Amino acid sequence: SKMGMDLIPVYEGEAELGAGGTITIDPVTVQNMGVRTKKVIKKDFYHVVRTVGYIEYDETRLFTINNKISGWVEKLYVDYTGKLVKKGQPLLAIYSPELVTTQEEYLLALKNLQAVKNSNISEVRQSAEELLKGSIKRLQYWDIPQQEIDRLTQGGQAQKTVTLYAPFTGFVIHKNVVEGSKVKAGQDLFRLADLSNVWIQASIYDTELPWIKIGAEAQIELSYLPGKTFEGKITYIYPYLNKKARDVSVRLEFPNHDYELKPGMYANVIIKTDPIKDALVV
């Protein structure tokens, strides 16, 4: 042109494309850039948070079983770690000289009450009843099961050993007793874990915290069970930040009725956040 600018040829059909500031890109360039177009729509927008967590025991479902009296283990029914123990199942039979003496005291108190129950002197009957109640309480304070007390009452003879029963249901994760060993009062014998419900500890970056809320639904996937997902929810957000990693620990709870979620495993965690209603999205 007279102003020194290069003239660019415009072919038929291209004049309208150039009007109004429309930008055109060569088809080859479009192909190389991988350009795609999509209409903008309104819909509920979900932000999905993905992280990695590890499975651990539910701390509210851990139980320690100990004995309240010294003695010797005559028979051990739960004899290995990992065994599933049901509530009411026998754990061990213990021999304790102190326990035998207490049984004899109970039987004497019982015979004494039977002898004076028809007495006309109320103080005598009351004293015998209190003596019997004291013997029963002493056995109960040692966690002697009621069925053992009933057997003692019916048999009328002190037993050398008394069987202790499991007060909870769970898997044995720690065993501190063997058959024939001497145990002291207060010694921890077993530690049980109820695995019907487990915790998963996951780490969330502080920038994602606004999306995380207690009660939010979550899913996990395990590498040894490809294609299978488990449903749970967030139950606790820890009130402090891990300084080095700049993340926050989040606790999730998952039911585990088939015991497929095993403490110590790692899991891929997908957290579903609350939706933004009618958001403009592509």
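Is Leu92 buried or exposed, and what is its relative accessible area? In this predicted model, in which local features need pLDDT of at least 70, side-chain atom pairs count only at pLDDT 80 or more, and totals for chains, interfaces and linings use all residues, Leu92 is buried, with a relative accessible area of 2%. Residues are numbered from 1 along each chain as its sequence is written, and side-chain values use heavy atoms, with hydrogens and water left out. Buried stands for under 20% relative accessible area, exposed for over 50%, and partly exposed for what lies in between, with a 1.4 Å probe and protein chains only.

Leu92 belongs to strand 6, which spans residues 90-95; helices (H or I, at least four residues) and strands (E, at least two) are DSSP runs numbered from the N terminus. Apart from residues up to four places away in sequence, Leu92 touches Val73, Lys75, Leu76, Tyr77, Val162, Thr163, Leu164, Leu189 and Phe190, where contact means heavy atoms within 4.5 Å. From C-alpha to C-alpha, Leu92 and Glu74 are 7.6 Å apart in space and 18 residues apart in sequence.

Helix 3 (residues 97-116) and helix 4 (residues 122-141) have axes that come within 9 Å and cross at roughly 155 degrees, the axes being lines fitted to C-alpha atoms, for helices over the stretch in contact, with angles from 0 to 180 degrees between N-to-C directions. Helix 3 and helix 4 are therefore roughly antiparallel to each other, on a scale where angles under 35 degrees count as roughly parallel, over 145 as roughly antiparallel, 65 to 115 as roughly perpendicular and the rest as oblique. Their crossing is left-handed, a term for a near helix turned anticlockwise from the far one by less than a right angle, with right-handed for clockwise. The residues that meet include Leu99, Tyr106 and Leu113 in helix 3 and Val124, Leu132 and Leu139 in helix 4. The residues of this contact divide into 12 nonpolar, three polar and five charged, with Ala, Val, Leu, Ile, Met, Phe, Trp, Tyr, Cys and Pro taken as nonpolar, Asp, Glu, Lys and Arg as charged, and the others, Gly among them, as polar.

Helix 3 also packs with helix 5, at an angle of about 55 degrees and with the axes 10 Å apart, and the two helices are therefore oblique to each other. The crossing of helix 3 and helix 5 is right-handed, and the contact is made by Gln103, Tyr106, Leu107 and Leu110 of helix 3 together with Ile149, Leu152 and Thr153 of helix 5. By class, this contact has five nonpolar, two polar and no charged residues.

Within helix 5 (residues 146-155), Glu148, Ile149 and Leu152 are buried. They cover an arc of only 100 degrees around the axis, which puts them on the same side of helix 5; the arc is that of the directions from the helix axis to the C-beta atoms. The cover over the buried residues of helix 5 includes helix 3, helix 4 and strand 7 (161-165). Just after helix 5, Gly156 takes a positive phi of about 70 degrees.

Arg246, with a phi of about 55 degrees, is found in the loop between strand 13 (229-237) and strand 14 (247-255) and counts as partly exposed at 43% relative accessibility. Asp278, with a phi of about 50 degrees, lies in strand 16 (residues 276-281) and counts as exposed at 54% relative accessibility.
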